[in-house]
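Visitor: I'm new to reading protein models. Could you walk me through one?

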Amino acid sequence: MADDRRTAYKRRFDGDLEPESYEIVDILDTLTPDRRAFLATLGGGLLFLVTVRAQDRDLPVRVQVTDDGTYRAFTGKMDMGQGSRTLLTQAFAEELGVPVERVTLVMGDTRLCPDDGGTWASITTPQTVPVIRKAAAAVRASRIGGTDALTAPAAWTTLGRSLPNTTSVAIVTGAKTYPSDLRLPGMLHASLVRSPHHRAQLVAYDAAAVERMPGVRVLRDADLLAVVAADPGTARRAAARVTAMWTPAPLRPQDEWPARFKATAVAPVEQPTARYPPLLRRGDVEAGLAGAVRRLSSTYWVPPIAHVPMEPRAAVADWRDGGVTVYGGSQAPFLVRQEVAQALQVPEARVRIIAADSGGGFGGKQRGECEVEAARLSRLAGAPVRVAWTREEEFTCSYTRPAGLVDVESGVDADGRLTALRFANYNSGAAGLAPQYDIPHQWVGHYRATAEVRQGSYRSLAAVANNFALESHMDEWAAALEIDPVAFRLRHITDARLRQVVEQTAARFGWGTPVGQGRGVGISCNLEKDARLALCVEVAVRGTDVRVVRMVATGDFGAALNPGALLNQMTGAIIQGMGGALWEQVDFDATAQTTRRLSRYRLPRFRDVPVMDVQLIDRRDVDAAGAGESPITLTAPALAAALFSATGRRRRSLPLLPLGDAAP
């Protein structure tokens with residue numbers, strides 16, 4: 001199945017990357033009104049519009065040569081702290097043949113930038129970088145003459161280097177502008193009157209207590225109720241004095257969710273061209289299970305968790321002349337443009353989204369909830385309106401990572417090799433379904449199910465749930481067969497690069513060395529989004545106190561285009577994964593989400609971070625894989641295995657702490 005995973009990945013992301021055409025645009029009398037507005041906004045200089053054929057579609061790239069000989073490059077991708085602004089600047093600079101200082105990257109402006117896809121699914125590196133390089137090479141060839149061939153990796157002068165963040169000076173001096181900093185002249189601040197329930201309809205409200213407050217206005221659009229004022233404090237105080245009546249929708253108790261998922265499950269069907277195929281089959285799983293000399297069945301559970309970005313979302317909308325410009329921090333500006341246009345019932349051409357680099361997203365800022373609210377209120381107010389979510393709103397008004405139930409059944413032969421695997425994910429998703437192991441008979445599928453709470457993308461999508469279940473199941477087999485967990489994995493890994501990652505990680509960790517009483521070790525690995533990954537952890541347990549002592553990890557992402565940033569991505573993802581593995585869970589009562597504050601939501605803290613040894617295998621001759629999502633899939637199963645090693649008790653549900661009762 002590892003080979004099947006690689007084939008599916010390459011089918012999605014490989015393709016003809018030859019530039020089909022490019023045109024040089026100066027001032028043309030035949031421009032459409034939209035293009036005239038675009039060029040007027042762009043300013044002077046020579047504009048290159050390059051079309052690159054990739055993934056069976058035409059991808060546009062725009063590069064402007066300004067009057068002073070520098071370059072402006074444009075992309076719809078966004079930077080939320082992961083370093084994409086720096087990486088894409090490197091890619092442009094490498095093929096333009098200029099230093100990075102001569103390239104300015106414009107991101108996330110739907111008027112200026114092409115729609116080259118949202119910032120998700122770890123596709124910026126494997127999909128966007130090759131397209132940008134091809135387009136930049138075509139521009140270079142048209143400017144100076146000669147070939148438009150890509151620069152060979154051995155000759156890279158910009159790519160392959162650990163360049164610092166292009167905005168690092170602005171970040172440390174405080175000059176960098178984030179969505180929370182956005183202001184417009186004449187702007188009003190909005191404070192929304194929120195329902196205390198997860199889902200509810202507004203029945204009535206009483207604003208008599210605030211109607212005579214100077215400079216305060218109460219605005220309503222269907223279930224959207226807000227107070228606007230010239231300063232945020234006044235708006236908040238006024239909103240607190242508005243009383244509203246709501247009709248809530250009931251929520252099922254959380255302990256009934258697994259049964260609900262199975263009762264509403266929709267069987268998967270094969271979709272081989274899907275980014276994440278919901279069903280993968282190999283051999284005859286029924287015959288494989290029937291012929292096994294020993295079988296094992298386990299069920300795993302992952303709860304909903306919150307994104308908790310460092311910066312809660314904020315947006316400023318300016319409605320005028322039948323259209324709106326919205327300033328925000330979405331990771332998918334063109335998707336948000338569509339949502340705003342639908343909400344206002346105006347053509348998309350009348351909506352412009354200008355997105356700024358934001359303080360984290362992790363999948364939570366794909367949608368345009370905040371931007372839509374600001375746009376609706378601006379139209380009602382007849383003035384620019386700012387909506388800035390509080391931390392409580394960030395918890396309760398966004399969506400969570402989908403909860404997931406995973407049933408796993410497998411069998412081994414007389415030699416202790418897995419021969420059959422049935423793997424069923426309910427609700428959480430199909431990402432990361434394909435096992436990284438060579439198992440001759442297997443059926444792996446994702447059952448869509450009905451969830452009563454808002455759910456959506458979270459870093460790695462369902463790959464955390466799926467790898468937690470698979471790797472925990474592998475660890476259970478190793479214990480049942482009394483085989484070393486590393487050795488048991490290696491006997492099922494045929495991918496040479498993954499084997500090397502596992503072996504190097506175990507060697508650096510000192511796998512097999514006794515760690516003493518009250519301590520335990522665990523390992524996990526994955527082949528996700530064409531990256532090969534492994535993690536070893538050590539934990540110390542004293543009563544109910546659990547401490548993660550050290551982590552050793554290795555990642556093979558093919559060519560390391562910016563090794564320093566890549567290490568940061570991998571390290572940060574593994575640390576973030578500690579939260580979901582050990583503590584995080586969003587809870588609900590009969591109608592509402594009860595998890596509303598950071599004081600009641602345990603995230604990794606500085607003191608939780610163990611000694612970390614994270615290393616890369618840099619393969620310049622291999623296409624680069626994305627790294628934003630895949631490393632987080634390692635943390636939960638490795639920690640679960642380490643806790644079992646320390647306590648002899650098996651945890652099959654996240655979060656793993658508090659220890660409480662667990663299966664022997």
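Visitor: What share of the 664 residues counts as buried?

Guide: A word on the source: this is a predicted model, where local features need pLDDT of at least 70, side-chain atom pairs count only at pLDDT 80 or more, and totals for chains, interfaces and linings use all residues. Residues are numbered from 1 along each chain as its sequence is written, and side-chain values use heavy atoms, with hydrogens and water left out. Now, buried means under 20% relative accessible area, exposed over 50%, and partly exposed in between (1.4 Å probe, protein chains only). Here 57% of the 664 residues are buried.

Visitor: How many helices and strands does the protein have?

Guide: Helices (H or I, at least four residues) and strands (E, at least two) are DSSP runs, numbered from the N terminus. This protein has 16 helices and 23 strands. Its radius of gyration is 26 Å, close to the 26 Å the globule rule gives for 664 residues, so the protein is as compact as a globular protein of that length. That radius is taken over C-alpha atoms, and the rule is 2.2 Å times the number of residues to the power 0.38.

Visitor: Let's zoom in on β22. Why is strand β22 largely enclosed by the rest of the structure?

Guide: Because 9 of the 12 residues of β22 (residues 545–556) are buried.

Visitor: In which sense do β21 and β22 pair?

Guide: Two strands pair if DSSP finds at least two bridges between them. Strand β21 (residues 531–542) pairs with β22 in the antiparallel sense, over 11 bridges. Look for Glu538, which stands opposite Arg550 in β22. The two strands form a hairpin with 2 residues between them, and Gly543 in the turn has a positive phi of about 65 degrees.

Visitor: And how many bridges link β22 and β23?

Guide: There are 6, and β22 and strand β23 (residues 611–616) pair in the parallel sense. From β22 the chain crosses through helix α15 (residues 563–582) to β23, a right-handed β-α-β crossover. Right-handed means that, with the strands pointing away from the viewer, the path from the first strand over the helix to the second runs clockwise.

Visitor: Which residues touch the most other members of the largest nonpolar core?

Guide: A nonpolar core is a set of buried Ala, Val, Leu, Ile, Met, Phe, Trp, Tyr and Cys residues joined through side-chain atoms within 4.5 Å. The largest one has 72 residues, and Phe423, Val502, Trp511, Leu535, Leu639 and Leu643 touch the most other members. Its largest share, 8 residues, comes from β21. A second, separate core of 36 residues includes Val61, Met78, Leu87 and Leu159.
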